[in-house]
Structures are given as C-alpha cells and as structure tokens.
Amino acid sequence: MQGEEVDAAQDALLRFIRNFGLHQPDRTPCGQPLPVSEAHAMVEIARETGIRQTELARRLRLEKSTVSRLVTNLVNRGWVRRETADSDGRGVVLLLTEAGITAAARQADARRHRLTALLARVPDDQHAAVVRALQTLAEAADEPS
C-alpha cells in the first residue's frame, strides 16, 4: 500500500471514529449512557449465556483485571450476575439478569437504529460494498500485529 493510501485511510478512519462517537468514553455511539467497553461486554454476555469471565476477556481483548472491574460495574447496575462454573467449580460464568436482558435488548435496538440511519445516508448501490469493507477490516484486525 502506498503512503498516500495509508494517509487517506487513516484520515477516513479517524474522521469516522469522531463522527460516529467512538471516542466518547461515557456513552455508546448509539447514544446509550454507558461506556463502550460495558456495551461490548453486554453484547458478548447476551450472545452466549453463561460465558466465562476469562472468555469475555479474550473476546474483548482486555486484561482479566480490567474485565473483572468492568463486570463489577455491570453487576452494580443490576444487569449481570456471576456464578461459579458447574464444570470445575473454579471458573466464573456471567449471566444477564432480567434487567440485563432488557438493557441488552434496548442497546441492540439503539445500535440497529443508529446503523440503519447511517446506512440510509450511503447510496443504495454502495451498501453491500460498505458492509464488505467493514467485514474485511474487521477480519484484518483479527490478525496478530
């Protein structure tokens, strides 16, 4: 990749991050009043009932201690509960409470609404290309650096 392409990609990415609100630490880009890291944790806990806290740390690419504090915040909100893993008695699994299920659904609806509004501003004939580009970038970011 040429230097000009890298510069253009960097400028576009930084502009997107700011315009989409990804740089705001205390609210999600879809307007939910919680840190983005907590929103990401809620997505994963809702996606897999009984996810182990260590697996959550791996998926979020955060240190175990950071995830422990993050989960404590979600527990304090009343959205998550910790339970001892049945399989070994040492691990911790995370479950959404009833309030957490409601909060996760509200967050998912807000994300869907925000992305629908964003894609509505992209020409129809470019929707598939935008989605493919995002998938390609996500896959490239999965690679170890």
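I looked up R59 and found it partly exposed, with a relative accessible area of 28%. The classes I use are buried for under 20% relative accessible area, exposed for over 50%, and partly exposed in between, with a 1.4 Å probe and protein chains only. The model is a predicted one, in which local features need pLDDT of at least 70 and side-chain atom pairs count only at pLDDT 80 or more, while totals for chains, interfaces and linings use all residues. Residues are numbered from 1 along each chain as its sequence is written, and side-chain values use heavy atoms, with hydrogens and water left out.

Next I checked the charged partner of R59. R59 forms a salt bridge with E44, and their closest N and O atoms are 2.9 Å apart. I count a salt bridge when a side-chain nitrogen of Lys or Arg is within 4 Å of a carboxyl oxygen of Asp or Glu. This pair links distant parts of the chain, as R59 is in helix α3 and E44 in helix α2, 15 residues apart. Helices (H or I, at least four residues) and strands (E, at least two) are DSSP runs numbered from the N terminus.

Is E44 buried or exposed? I find E44 buried, at a relative accessible area of 13%.

**Entry: other salt bridges**

E44 also meets R47 through their side chains, again in a salt bridge, at 2.9 Å from N to O. R47 and E44 are separated by about one helical turn, because they are three residues apart in helix α2. R47 is exposed, with a relative accessibility of 59%.

I then turned to helix α5 (residues 98–120), where D109 and R112 are three residues apart and so separated by about one helical turn. Their salt bridge has its closest N and O atoms 3.1 Å apart. D109 is partly exposed at 47% relative accessibility, and R112 is exposed at 51%. Elsewhere, salt bridges that share partners join E44, R47, E48, E55, R58 and R59 into one network. My search of the whole structure gave nine salt bridges.

**Entry: helix packing**

Two packed helices are described by the angle between their axes and the distance between the axes. I take the axes as lines fitted to C-alpha atoms, for helices over the stretch in contact, with angles running from 0 to 180 degrees between N-to-C directions.

How do α3 and α4 pack, and at what angle? The angle is about 110°, and the axes are 9 Å apart. α3 and α4 are therefore roughly perpendicular to each other. By the cut-offs, angles under 35 degrees are roughly parallel, over 145 roughly antiparallel, 65 to 115 roughly perpendicular, and the rest oblique. On the α3 side I listed Q53, T54, L56 and A57, which meet K64, V67, S68 and V71 in α4. Contact here means heavy atoms within 4.5 Å.

I looked at α2 against helix α4 (residues 64–76) as well: the angle is about 80° and the axes are 10 Å apart. This pair is therefore also roughly perpendicular. S37, E38, A41, M42 and I45 in α2 meet L70, N73 and L74 in α4.

Q53 is in helix α3 (residues 53–60). I find Q53 buried, at 14% relative accessibility. Leaving out residues up to four places away in sequence, Q53 touches V67, S68, V71, R82, V92 and L94.

K64, in helix α4, is exposed at 59% relative accessibility. With the neighbours up to four places away left out, K64 touches T54 and A57.

**Entry: surface patch**

L13, F16 and L22 make a nonpolar surface patch of about 260 Å². Patches are made of residues with over 30% relative accessible area and no salt bridge, joining like charges within 9 Å and nonpolar side chains (Val, Leu, Ile, Met, Phe, Trp, Tyr) within 5 Å. I located L22 in the loop between α1 (3–20) and α2 (36–47). L22 is partly exposed, with 37% relative accessible area.

**Entry: whole chain**

I counted six helices and three strands in the protein chain. Read along the sequence, the pattern is α-α-β-α-α-β-β-α-α. The C-alpha trace spans about 55 × 35 × 25 Å along its principal axes. Of the 145 residues, 27% are buried.

Key:
Accessible areas come from the Shrake-Rupley method with a 1.4 Å probe; for residues, only the protein chains shown count as cover.
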